[in-house]
Amino acid sequence: ACERVAQLGCINGLLPVYALDHKGKKIAFYMSFVGATGAGTCIEEVNCLVGTTKFVMFGSSGSLRPDIAAGKLVVPAEAYRDEGMSYHYAPPSEYIRIRNADRVADFLEGRGIPHVKGRVWTTDGVYRETAGKAAARRSEGCLAVEMECAGVQAVCDYRGWEYYDFLFAGDLLEEEGWDARILGNDEEIDHQMRYFLLALEFAATL
């Protein structure tokens, strides 16, 4: 059971924000826009609407190192800033530190959930994840490519808010090509619900 407590409005439509009680804690949740700009803007507005300062995010990513991350969640520890949002909130740098990675990893470890902590690649050019760029990120230790971490962390650093993130592999960007894996099918929907419940459990510990 949950209630609608707010909504984000834009020209493309409304984004509802719901709240529920979980283990004695009232937790708000919503489906974020895709991409660092959309996700970072949502966080700014949700703070204004409901006052939250702690944000737990999860979602799919493209695995760059299935030899390391296969069957495991990825906990971002640093994000390569290949997007635009973070540069409006933080000084230029190649990577931004995901400050609460250890807290997320400790939570997963305590529940026996397989995971690996490391670098990720945040991009806003989803059709320009070229073989050369992917190889460069792999050589720097990036485990996955996604679209939000760097921008959302920069927003939270600037505002003094807390950000926690974990990812699962929806597709694979391997050296020999692309494998859609579960991206966009019913299995991915099952993963999303499973990890939503996991995110609720983690949020209740905050």
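Which residue lies over the face of Tyr-80? Arg-137 does, at 3.8 Å from the ring centre. A charge is counted as sitting over a ring if NZ of Lys or CZ of Arg is within 6 Å of the ring centre and within 35 degrees of the ring normal. The charged end of Arg-194 is likewise placed over a ring, that of Tyr-195, 5.7 Å from its centre.

The model is predicted: local features need pLDDT of at least 70, side-chain atom pairs count only at pLDDT 80 or more, and totals for chains, interfaces and linings use all residues. Residues are numbered from 1 along each chain as its sequence is written, and side-chain values use heavy atoms, with hydrogens and water left out.

**Aromatic pairs**

The whole structure contains 10 aromatic pairs. Rings of Phe, Tyr and Trp (its six-membered ring) pair if their centres lie within 6.5 Å; planes under 30 degrees apart count as stacked, over 60 as edge-to-face and the rest as tilted. Phe-58 and Phe-166 are stacked, 5.6 Å centre to centre with 15 degrees between the planes. Phe-58 belongs to strand 4 (residues 54-63) and Phe-166 to strand 9 (residues 162-174), so this pair ties together parts 108 residues apart in sequence. Helices (H or I, at least four residues) and strands (E, at least two) are DSSP runs, numbered from the N terminus.

Phe-166 also pairs edge-to-face with Tyr-195, at 6.1 Å centre to centre and 80 degrees between the planes. Tyr-195 is in helix 6 (residues 186-205), 29 residues from Phe-166. Phe-58, Phe-166, Phe-168 and Tyr-195 make up one aromatic cluster. Buried means under 20% relative accessible area, exposed over 50%, and partly exposed in between (1.4 Å probe, protein chains only). Phe-166 is buried because its relative accessibility is 3%, and Tyr-195 is buried at 12%. Phe-58, at 23%, is partly exposed.

**Salt bridges**

There are 8 salt bridges in the structure, each a side-chain nitrogen of Lys or Arg within 4 Å of a carboxyl oxygen of Asp or Glu. Three of them are listed here.

| Salt bridge | N to O distance |
|---|---|
| Arg-65 and Asp-67 | 2.7 Å |
| Glu-78 and Arg-119 | 2.9 Å |
| Arg-99 and Asp-157 | 2.8 Å |

Arg-99 lies in the loop between strand 6 (95-97) and helix 3 (101-110), and Asp-157 in helix 5 (residues 149-159), so their bridge joins parts 58 residues apart in sequence. Arg-99 is partly exposed at 46%, as is Asp-157 at 27%. Asp-67 is exposed, with 58% relative accessibility, whereas Arg-65 is partly exposed at 23%.
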